[in-house]
Amino acid sequence: MNIVLITGGSRGIGAATAVECARRGLGVVLTYNNNPAAAEAVVAGITETGGTAVAMKLDVSDSASFSAFHDSLHTALQITWDRTTFDYLFNNAGYGLYHPIGTVTEQQFDDLFKVHLRGPFFLTQTLLPLIADGGHIVNLVSATSRVATAGVAPYASFKGGLEVLTRYLAKELGPRRIRANSVAPGPIRTELGGGLNDEFETLLASQTALGRVGEPEDVAVAIAGLLSDDSRWINAQSIELAGGYII
Ligand SMILES: NC(=O)c1ccc[n+]([C@@H]2O[C@H](COP(=O)([O-])OP(=O)(O)OC[C@H]3O[C@@H](n4cnc5c(N)ncnc54)[C@H](OP(=O)(O)O)[C@@H]3O)[C@@H](O)[C@H]2O)c1
């Protein structure tokens, strides 16, 4: 059984991806930060339908905790799957901040940096010894790196950095046959940044060729497909999952 580790798997895109991966027969490790109950509900849903999942606490902004997380993960893999490695890392955890450039504080900038670029970099570095050769790293970036959207400059900039880092991961990990790709959702109906109100959703839907905003499940099936062997020759790419947003 292949195993996927999903950061931020307690809600939104991460939770939907956990469910979809389990439905396709993968073992799932999902992490949560502030919502253990939500994470346990995702685990329970997967277990009830015959899948295997475990939830673990991880704050991706706290790189000092990554070594201990590595050790806890190693133990969980052994206990749950009798493995010492896992196959797929999905760097998904994140949050939104809507502030025009003129009002962003240094603290807000640094906090976003820690979650969206520094965290994925050093978490991946820490977990590399646990990722099986032939595995796959997927980084969750954003269509806001392509379409300049007022109010999300630091967020979009760090997502852009993560997109570049993805290509470097593919380059340096190629000798271990580890692929690295990023996926860039457009607007998706989650609780990110407080969620969508009706007016904003109508605007975003009108800017999307397929005429609606995305659902977490639209992203989840694409990621599960990217992890599968059908996508084995897709590497070092950024794939927009946006239904044709502002084209
Ligand atoms: N929704 C969109 O329109 C959209 C578009 C493009 C990209 N994205 C990206 O997609 C990813 C998932 O977002 P979402 O829309 O699914 O948002 P969401 O529903 O708000 O879920 C965010 C998830 O990230 C976790 N998280 C947040 N901060 C964390 C931290 N410091 N350490 C560890 N986990 C943390 C949360 O965990 P807890 O709840 O346990 O704290 C939660 O599981 C993010 O990277 C986001 O930037 C979203």
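## Ligand shell, pocket and cavity

Helices α1, α4 and α5 each contribute at least two residues to the shell around the ligand; helices (H or I, at least four residues) and strands (E, at least two) are DSSP runs numbered from the N terminus. The model is predicted, so that local features need pLDDT of at least 70 and side-chain atom pairs count only at pLDDT 80 or more, while totals for chains, interfaces and linings use all residues. Residues are numbered from 1 along each chain as its sequence is written, and side-chain values use heavy atoms, with hydrogens and water left out.

The shell around the ligand holds 30 residues, the closest being Ser 10, Arg 11, Asn 35, Tyr 155 and Thr 190; a residue counts as near if one of its heavy atoms lies within 4 Å. By class, the shell has 13 nonpolar, 13 polar and 4 charged residues, where Ala, Val, Leu, Ile, Met, Phe, Trp, Tyr, Cys and Pro are nonpolar, Asp, Glu, Lys and Arg charged, and the others, Gly among them, polar.

| Protein atom | Ligand atom | Distance |
|---|---|---|
| Asp 59, polar side-chain atom | nitrogen | 3.0 Å |
| Val 60, backbone N or O atom | nitrogen | 2.9 Å |
| Asn 92, polar backbone atom | oxygen | 2.7 Å |

Taken alone, the ligand exposes 900 Å², of which the protein buries 94% (Shrake-Rupley method, 1.4 Å probe).

The ligand sits in the largest pocket, meaning that more than half of its atoms lie within 2 Å of the pocket's grid points. On a 1 Å grid over the protein atoms alone, a pocket is an open set of points with protein on both sides within 12 Å along at least five of seven lines, a cavity is a set where a 1.4 Å probe fits but cannot get out, and lining residues have an atom within 4 Å of a point. The largest pocket contains about 1,100 Å³ of space, a volume being the space filled by probe spheres set on the points. Its lining comprises 48 residues, with Gly 94, Tyr 95, Gly 96, Thr 190 and Leu 192 nearest the centre. That lining divides into 23 nonpolar, 21 polar and 4 charged residues.

The whole structure has 1 cavity of 30 Å³ or more, and the largest cavity has a volume of about 50 Å³. Residues lining the largest cavity include Val 60, Asn 92 and Lys 159. Helix α4 gives the most to this lining, with 3 residues.

Definitions and conventions. Polar contact = N/O pair within 3.5 Å; in protein donor to acceptor, adjacent residues only side chain to side chain.
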